[in-house]
Every structure is written in structure tokens, then in C-alpha cells.
Amino acid sequence: MDTSNKVDKIAVIGMACRFPGAACVQEFWENLRLGKESITEFGDKEMLAAGVDAETLNNPLYVKKGFILEDEDKFDAAFFGYSPTEAEFMDPQHRLFLETAWHTLEDAGYCPENFSGDVGIFAGSRLSTYLLNMMPSGAVALNMPGFQTLLGNDKDYLTTRVSYKMNLRGPCITVQTACSSSLVAVHMACESLLSGGCDMALAGGVALTVPQKVGYLFQQGMVLSQDGHCRAFDATATGLVPGNGVGAVLLKRLDEAIEDGDNIHAVILGSAINNDGSRKAGYTAPSVVGQSKVIGEALDMSGVEKDTITYIETHGTGTALGDPVEIEALALAYGKKQGCENRCAIGSVKTNIGHLDTAAGVASLIKTILALKNAELPPSLNFTSPNSHIDFEKTRFYVNTALSEWNKNG
């Protein structure tokens, strides 16, 4: 890997997160190392209190599990200059991302008021369920005007809220590309930095559905897991489990990060985005051709020899259709199996914390950065034998099921 040309490389100089079972990056890494599945089983009383009817609870197909975010209702309103009433009517996703953006800058050692350059923000959020489910009378219940309700709950104002509160003057883009949102945000942030659009960039995503302590109804042929566990690439996998969380990274051009003496967590050598178009079975189905093409483009941009790559953090949803397509796409992009010395581990953080939707990508990125920094590969959970449509023996890839040393061979 040649990092001698630092001009077109991006340094990750700060990161922060709150994921199921983890209030910070350090707790997240410890959970990953220990192979912890941070899932919660809900009691009938708390689900009834959350609005789930008794008939639904008694349905044998109703799954009473989920990946929740603790203390999602806690917010330091005064620190950010909000009154308690203003904070109460604001979507918790906005509150969480605002706090996480601050912690990300703090992790990098930057106070926004003391940084003379332009800081951009690129991030996405899930559909706001807060206003619908937690405020039955809408703005009237809080005596707030309709426009203020819009500002506090609409996705469009997720990133501009941060730029306003922290006096950040770079490009401010709310990215909405479903479960790829936070990784697309990182890609766009990198492009903005490389084109000179900003001097540093915050990128990430947040996903929180309220109330949290409700299960879901399993439906055959759909994407949700029958038993409340994500079993990525496994023969018994039946789907994904929704999760809640927030994460962000602070990015800077590598040459400037080195010159400024920043703490560099990792370096982004290349990234790419595309779309499948209509070359797939259906609108929500993945495409082998589209996935393999974008993987190849990212590899080409990075300048990294694909044979030297020894770990890939996958999408890994545990769905019958998605998992085989992802492995086929990876095999197409990386070529045929070449020998044991070139084997490549894969894993999926969704087995630990669920599918975080708009925050899924940044969770995967932070996991991979932590693994790289600590030279350890954390286990991917709930895997015993492969999906019948996946023949790992014909590929370089294997599911890493135990904590192991990451031998990067230079």
C-alpha cells in the first residue's frame, strides 16, 4: 500500500458513536472483541405500555426482541442553548446527532470556535417517528408553532442544526439514500475535501425509531428475522433485526492532518458509489453486477492490490437473497480463489447490534477502524454453516467467527 502521495488521501482524525450496549467507541470495541450480541428481549407489560395491542403480542410470529439505544431521552439541552420545551419537541435523532457531532470534534481535539477553516457536515437520519408516536396532539400539546415543529423533526434540518449550533461554515448536506446513507455521506465528505470544498468534514448517520421497546411481526419471504437474531451468511438465517444507533467520523486531507499533528485513526484511500439501475430481480433486490462494479471502482481508486486485502466488513444482513448476492459480487470483484495465503476474512456488525439503517454504514466503518487500530479481527456472530447458496470454497472468503490477530503482512 503506497501512502507516499498524501494529497488524495483522507485521514480519519475523530470518531464517536452510541450503539446498542455501547455509550462510546471504547465500549463498542470491547463488546465486539467479546463477541457480544447487544440484543434486548422485551416484556409484555412494557410493550403494552408502548402501544402494542394484546392480540399482536399473542401472535406466535411476533418477535419480542430488538437492539435498543439506552438513555435516548437524555439530552443536555442547556449545553446547546435549548430550553427544555424546545428539546422536548425535537426528534431524538436530531438531539443524538448533535451530541455525537460534538463528541467527534472533541475526540479530534478541535473546538469549532477555534478552527479558522470551513467544516462541512454530511449525514442522514431515519424517518422521524417521534412526532407521530410520542406527541399525540402534535405541536399543540407543546404550544409550539407548526414551523418550529417542522424544524425540530424534519430530516432536512439534521445537519444544518449542527452547523448553526457549532458555527460551522462548510457545505451542509443531509444525505438520504436509505441504509447506505452514512457511507454515502462519508464518500461525499471525502469528495468535498479533495475538491477544496471544506477543510474538515463531519460524516455519519443516526437511526432511532420510537418507541424502541416494541417487537415486530415475522412474515415469510420478507427481510425480518424469525427468531430475533441476525445470522449473516448462515444456513439458518431468516433475515435482519432492526437496530438503533448513531455514529460520526471527522475527516481531513491526509497531508494537512500530518502537518497539523492530528491523531490519525485510519486513512481512507478510496471510495465509490453507484446504483444498480434495473438490472436486478426487483426494486428492493440487490444486484451482483452493480455491487461488483462499485467494489472494483473503489479498489482502483485506492491503488491497493486486491490480493493484499485480508478483511472485508460486509453488509451482511442475514437475508436469504442478499447474502449470496453479496458473496457472489465480492468473488466477481476479487477474482477466483488463489490459495490459503490469500484468504480474506469477512464479518458483519449487524450480528452484534442489528441493522441500523441510515447509521449502518458508519457503524461498519468505525468497527473496521477499531479492528485496524487494535490489529484484531472481532468475531462475526451466529454463524455455524454457510447458506446453501454460498460456496465459500470457491472464493477467497471465510466468515471470521473468533477473535483473532489481524496479520496484515506489512
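Reader: Where is Ile 264 found?

Author: This is a predicted model. Ile 264 lies in the loop between helix H10 (254–259) and S10.

Reader: Is Ile 264 buried, partly exposed or exposed?

Author: Buried means under 20% relative accessible area and exposed means over 50%. Ile 264 has a relative accessible area of 30%, so it is partly exposed. Together with Ile 258 and Val 267, Ile 264 makes a nonpolar surface patch of about 200 Å².

Reader: Which strands are joined to S1 by bridges?

Author: In a regular strand, side chains alternate between the two faces of the sheet. Here, S1 runs antiparallel to strand S9 (residues 245–253), with eight bridges joining them. Gly 14 has Leu 250 as its bridge partner in S9. Three bridges join S1 to strand S10 (residues 266–268), and this pair is also antiparallel. Val 12 stands opposite Ala 266 in S10.

Reader: Why is strand S1 described as largely enclosed by the rest of the structure?

Author: Strand S1 (residues 10–18) is described that way because nine of its nine residues are buried.

Reader: What is the place of Pro 92, and which residues is Pro 92 in contact with, leaving aside its neighbours within four places in sequence?

Author: Pro 92 belongs to helix H5 (residues 92–108). With those neighbours left aside, Pro 92 is in contact with Glu 72, Tyr 130 and Leu 208. Its relative accessible area is 4%, so Pro 92 is buried. The C-alpha atoms of Pro 92 and Gly 296 are separated by 38 Å, and the two residues are 204 residues apart along the chain.

Methods:
Residues numbered from 1 in each chain as written. Predicted model: local features only at pLDDT ≥ 70, side-chain atom pairs only at ≥ 80, totals over all residues. Heavy atoms only, no water. Helix = DSSP H or I, 4+ residues; strand = E, 2+ residues; numbered from the N terminus. Buried < 20%, exposed > 50% of the residue type's maximum accessible area, 1.4 Å probe, protein only. Contact = heavy atoms within 4.5 Å. Pairing = 2+ DSSP bridges. Patch = residues over 30% accessible without salt bridge, like charges linked within 9 Å, V, L, I, M, F, W, Y side chains within 5 Å. Areas by Shrake-Rupley, 256 points an atom, 1.4 Å probe, with all protein chains shown as cover. Salt bridge = Lys/Arg side-chain N within 4 Å of Asp/Glu carboxyl O.
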